[in-house]
Amino acid sequence: MDATIHDALQRSLGTWTRRWLLVGTLVAGLLAAVALVAAAAPADRSFTELSRTVQSLMSVATPLFGILLVRDLRRAPVRLPVLPTVLAVGLPAVVIGVAGVLICAATLALTPADVADDPWRFAGTTAVGGVLVQIAAGLVGTGLGLLLRSVVVAFLATIILPLGLFTLLGAVDALRPAQPWLTPFGSVRNLFSGQMSALRWVQWLCVLLVWGVGLNAVGTALLHRRDRPAGH
């Protein structure tokens, strides 16, 4: 199992395509941070405001690392355990999350323009939240990669399904309170507010269980069912 995990970790960023994907994701985050600092009002030039947009933008690409890892799993000449692949997506996710923290911090610290009165308020919670958002995005990628064979369809689903559920719940007043319990977008808003109460942490854990653990569990069961010989 240790060797399998090591192999999965190597594959997570082990090809030029994935390295360029990582570079492109970080460059997009940097450009977004610079543009936001240049265009935003002084009151919006804070670490929390920057992180909300930059980390959310980069989290769009993070699931693709998980989807590509699952594609490797499908193409393997022998059946490999799923868990190492699911765990391995944590490497690019953490790299993107930490890089996002550094990008936002450096951009804010180096800006010559006026900033918010307390630009580093809730910086610690927001920094942790940025990394958690990327890890959750990576797990959504592995989960939908297991459920859907096509890389393109799985990637589109990582955007359409969470956004669609968030929009659907928001369209009905009685269902709107369920957004932070059931949708990544709802919990992300809380994480990047910097004001995380015990209730909000519980909501985040519920979202992680549904979109991180749940999707991967169902996807793993479906993969094993497909691989099972007929009649067994």
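Analyst: **The helix pair**

The axes of helix α2 (residues 16–39) and helix α6 (residues 90–110) come within 10 Å of each other and cross at roughly 25°. Because of that angle, α2 is roughly parallel to α6 (under 35 degrees; axes are lines fitted to C-alpha atoms over the stretch in contact, with angles from 0 to 180 degrees between N-to-C directions). Helices are DSSP runs (H or I) of at least four residues, numbered from the N terminus. The crossing of α2 past α6 is right-handed (the near helix is turned clockwise from the far one by less than a right angle). On α2, the contact (heavy atoms within 4.5 Å) is made by Leu22, Thr25, Leu26, Gly29, Leu30, Ala33, Val34 and Val37. On α6, Val95, Ile96, Ala99, Ile103 and Thr107 take part. By class, this contact has 10 nonpolar, three polar and no charged residues (Ala, Val, Leu, Ile, Met, Phe, Trp, Tyr, Cys and Pro are nonpolar; Asp, Glu, Lys and Arg are charged; the others, Gly among them, are polar).

The model is predicted, and local features need pLDDT of at least 70, side-chain atom pairs 80 or more, while totals for chains, interfaces and linings use all residues. Residues are numbered from 1 along each chain, and side-chain values use heavy atoms, without hydrogens and water.

**The main pocket**

The largest pocket is lined by 20 residues, with Ser59, Ala137, Pro184, Phe185 and Val188 nearest its centre. Elements giving two or more residues to this lining are α3 (47–59), α7 (123–147), α8 (151–170), α10 (184–191) and α11 (198–227). The lining divides into 15 nonpolar, three polar and two charged residues. On a 1 Å grid over the protein atoms alone, a pocket is an open set of points where a 1.4 Å probe fits, with protein on both sides within 12 Å along at least five of seven lines, and lining residues have an atom within 4 Å of a point.

Definitions and conventions
Parallel < 35°, antiparallel > 145°, perpendicular 65-115°, else oblique.
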